[in-house]
Amino acid sequence: MHIHYISEQNSILNHFLAQIRDVSIQKDSMRFRKNIERIGEIMAYELSKTLDYKAIDVQTPLGIKHTTTVAEPVVLCSILRAGLALHTGFMNFFDDAENGFVSAYRHHYDNDDKFEILVEYQAAPSFEGKNLILIDPMLATGQSIVAVLHKLHLEQKPKEIHIAVVIAAPEGIAYLEENLPKNCHLWVAALDEKLNEKNYIIPGLGDAGDLAYGSKL
Ligand SMILES: O=P(O)(O)OC[C@H]1O[C@H](OP(=O)(O)OP(=O)(O)O)[C@H](O)[C@@H]1O
Ligand SMILES: O=c1cc[nH]c(=O)[nH]1
Ligand SMILES: [Mg+2]
């Protein structure tokens, strides 16, 4: 797997990352969603530098400009719920992309800390020959991303698979390396320390879905 860490160089990205983590700021859910969206825009821009481009001619009012555009179509596919705000950020830049949505949640049995990932809802276009960008802000154990990619039936063969996450735990990265094709690209805005006993990222930010959309039963 090719891993791209995009916050190695100081930039305004660090400011947005700090705000989504900060307990005194993150409870403003509108700001939380907006910051995740802004991070999505930055990630989309960085990722766009690695796509293939083709030559095009653009007719201006005064002449013809030889320039380039993305060669193969982009499909943005998000994992519900927490992926939605990040998806909006990617869509702001890849505005003519096709879009897919897949649900994934941790199903706990009784009071046990053990869980399995249930992937139930899926609405996605064909990925054949296209650039698939799978979007989810949190990479904790990595089980959601692997379960979703299996559910999406990747025998369709996308041209490239990009996975975009805001915060990643080393355990999740190792799990993706073991379970996904070697030519996948993983985009990480921030690499954190570890998982806790409940498989939450430390220091992380808490529960991204709840912060963006409220707590659930
Ligand atoms: O790497 P994993 O261990 O699989 O955990 C990461 C998953 O957890 C979060 O979703 P969550 O299950 O909280 O659902 P939500 O978006 O509905 O809150 C997050 O958005 C990922 O999908
Ligand atoms: O730290 C974590 C782990 C999974 N899901 C989250 O929202 N946060
Ligand atoms: Mg959640």
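Lys-159 is partly exposed, with a relative accessible area of 32%, where partly exposed means between the limits of buried, under 20% relative accessible area, and exposed, over 50% (1.4 Å probe, protein chains only). This residue belongs to a predicted model, in which local features need pLDDT of at least 70 and side-chain atom pairs count only at pLDDT 80 or more, while totals for chains, interfaces and linings use all residues. Residues are numbered from 1 along each chain as its sequence is written, and side-chain values use heavy atoms, with hydrogens and water left out.

## Salt bridges

Side chains of opposite charge can pair when their charged atoms come close. A salt bridge is counted here when a side-chain nitrogen of Lys or Arg lies within 4 Å of a carboxyl oxygen of Asp or Glu, and a search of the whole structure finds 8 of them. The table lists some of these pairs.

| Pair | N to O distance |
|---|---|
| Lys-159 and Asp-52 | 2.5 Å |
| Lys-49 and Glu-46 | 3.2 Å |
| Lys-159 and Glu-72 | 3.5 Å |

The side chains of Lys-159 and Asp-52 meet in a salt bridge. Lys-159 lies in the loop between helix H4 (143–151) and strand E11 (160–168), and Asp-52 in the loop between helix H2 (29–48) and strand E2 (53–59), so this pair ties together parts that are 107 residues apart in sequence. Helices (H or I, at least four residues) and strands (E, at least two) are DSSP runs, numbered from the N terminus.

Lys-159 also forms a salt bridge with Glu-72. Because Glu-72 sits in the loop between strand E3 (64–70) and strand E4 (74–80), while Lys-159 is in the loop between H4 and E11, this second pair ties together parts that are 87 residues apart in sequence.

## Two loop residues

Gln-26 is found in the loop between helix H1 (12–21) and H2, and at 6% relative accessibility it counts as buried. Leaving out residues up to four places away in sequence, Gln-26 touches Gln-19, Ile-20, Arg-21, Phe-32, Leu-205 and Leu-211, where contact means heavy atoms within 4.5 Å.

Pro-125 is found in another setting, the loop between strand E8 (122–123) and strand E9 (131–135). Apart from its neighbours within four places in sequence, Pro-125 is in contact with Val-75, Glu-98, Asn-99, Gly-100 and Gln-156. Pro-125 and Pro-181 are 56 residues apart in sequence, and their C-alpha atoms are 21 Å apart in space.

## The whole chain

The secondary structure of the protein chain comes to 6 helices and 14 strands, and its C-alpha trace spans about 65 × 40 × 30 Å along the principal axes. Buried residues make up 44% of the 217 residues. Among contacts between residues at least 6 apart in sequence, 65% join residues at least 24 apart.

Technical notes. Chains lettered and ligands numbered in written order.
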